[in-house]
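Let us take a walk through a protein chain, one stop at a time.

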Amino acid sequence: MMSFPSQLPPSPVARTIRWAAALTGLVMLIASILGIVFALTPAAGTGPDTMAADTALAQARQPGNAHANGKIPMDQLVQVRLGRFLVPEAASAFTALSQAMARAGHAVQVNSAYRTLAEQEGLVKRHGLLAHGGTAAPVGTSEHGLGISLDMTLDGAALDWMFSNAGAFGFSNTVAGEPWHWTYTGEG
């Protein structure tokens, strides 16, 4: 009687190759699952909980923390541009910074400064949360709500000037990926 190759028992080499292929597939599956888990897990110090803790820590040592975020009475703020307000210490530092920028030949345009809770809520609705791919901080955690941050329109030369000189006036760029966002930290 004739035997077909599929009816013959596999040779030791064929069995070894099959086991090796199965184990390789299993290892690749496990590596893929671990890679997906790793990609979806925020790095230490970058997750929303850590960012909120960092923001809370920063708020605790900043001017403007005498009141809850977004609840500073308007009579305790200083207007730095038409409709744009900061707490007095930040406003004073910004006035000096903007005068120095002007002397250096740079225009200073402020797009946003203090934000009430209602304004923060509106931004979250319009732009989404940072943690979900949007551009807004969670309501009640924005540095703008402390009256210490402002957003400015800066061309390349003005931006270079800010990165080189803003620290001398106590301002830092505190939000990665937002070169227009500057916060008064008081550290100079």
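Start at the cap of a helix. Asp155 caps the N-terminal end of α5. One of its side-chain oxygens lies 3.2 Å from the backbone nitrogen of Ala157. Bear in mind that this is a predicted model.

Now move into the helix itself. Helix α5 spans residues 156–165, and in it Ala158, Trp161 and Met162 are buried. The spacing has a simple background. An α-helix has 3.6 residues a turn, so residues three or four places apart point the same way. What does the face turned away from the buried side of α5 carry? That face holds the exposed residues Asp160 and Ser164. The buried residues of α5, for their part, pack against α3 (88–103), β4 and β6 (181–184).

Is Ser149 buried or exposed? Ser149 has 0% relative accessibility, so it counts as buried. The cut-off for buried is under 20%. The side chain of Ser149 makes a polar contact of 2.4 Å with the side chain of Thr183. Another polar contact, of 3.5 Å, joins the side chains of Ser149 and Glu143. Beyond its neighbours within four places in sequence, Ser149 is in contact with several residues, including Leu86, Ser112, Tyr114, His144 and Trp182.

Find Glu143 in the loop between α4 and β4. Its relative accessibility is 17%, so Glu143 counts as buried. Leaving aside neighbours within four places in sequence, Glu143 is in contact with Ile148, Ser149, Thr174, Val175, His181 and Thr183. Two of these names, His181 and Thr183, are also among the contacts of Ser149.

Asp151 forms a salt bridge with Arg115. The closest N and O atoms of the pair are 3.0 Å apart. Are the two partners buried or exposed? Asp151 is buried, with a relative accessible area of 9%. Arg115 has 15% relative accessibility and counts as buried. How many salt bridges does the count give? The count comes to one.

Next, go out to the surface. A nonpolar patch is formed there by Trp19, Leu23, Leu26, Leu29, Ile30, Ile33, Leu34 and Val37. Together these residues have about 830 Å² of accessible area. Take Ile30 as an example. Ile30 is found in helix α1, residues 12–40. With 44% relative accessibility, Ile30 counts as partly exposed.

Finally, step back to view the whole chain. The protein chain has five helices and six strands. From the N terminus on, its elements run α-α-β-β-α-β-α-β-α-β-β. Of its 188 residues, 31% count as buried. Its accessible surface comes to about 11,600 Å², and 63% of that belongs to carbon and sulfur atoms.

How values were computed
Residues are numbered from 1 along each chain as its sequence is written. This is a predicted model: local features need pLDDT of at least 70, side-chain atom pairs count only at pLDDT 80 or more; totals for chains, interfaces and linings use all residues. Side-chain values use heavy atoms; hydrogens and water are left out. Buried means under 20% relative accessible area, exposed over 50%, partly exposed in between (1.4 Å probe, protein chains only). A polar contact is a pair of N or O atoms within 3.5 Å; within protein, one must be able to donate a hydrogen and the other to accept it, and residues adjacent in sequence count only if both atoms are side-chain atoms. Contact means heavy atoms within 4.5 Å. Patches are made of residues with over 30% relative accessible area and no salt bridge: like charges are joined within 9 Å, nonpolar side chains (Val, Leu, Ile, Met, Phe, Trp, Tyr) within 5 Å. Accessible areas come from the Shrake-Rupley method with a 1.4 Å probe; for residues, only the protein chains shown count as cover. A salt bridge is a side-chain nitrogen of Lys or Arg within 4 Å of a carboxyl oxygen of Asp or Glu. Helices (H or I, at least four residues) and strands (E, at least two) are DSSP runs, numbered from the N terminus.
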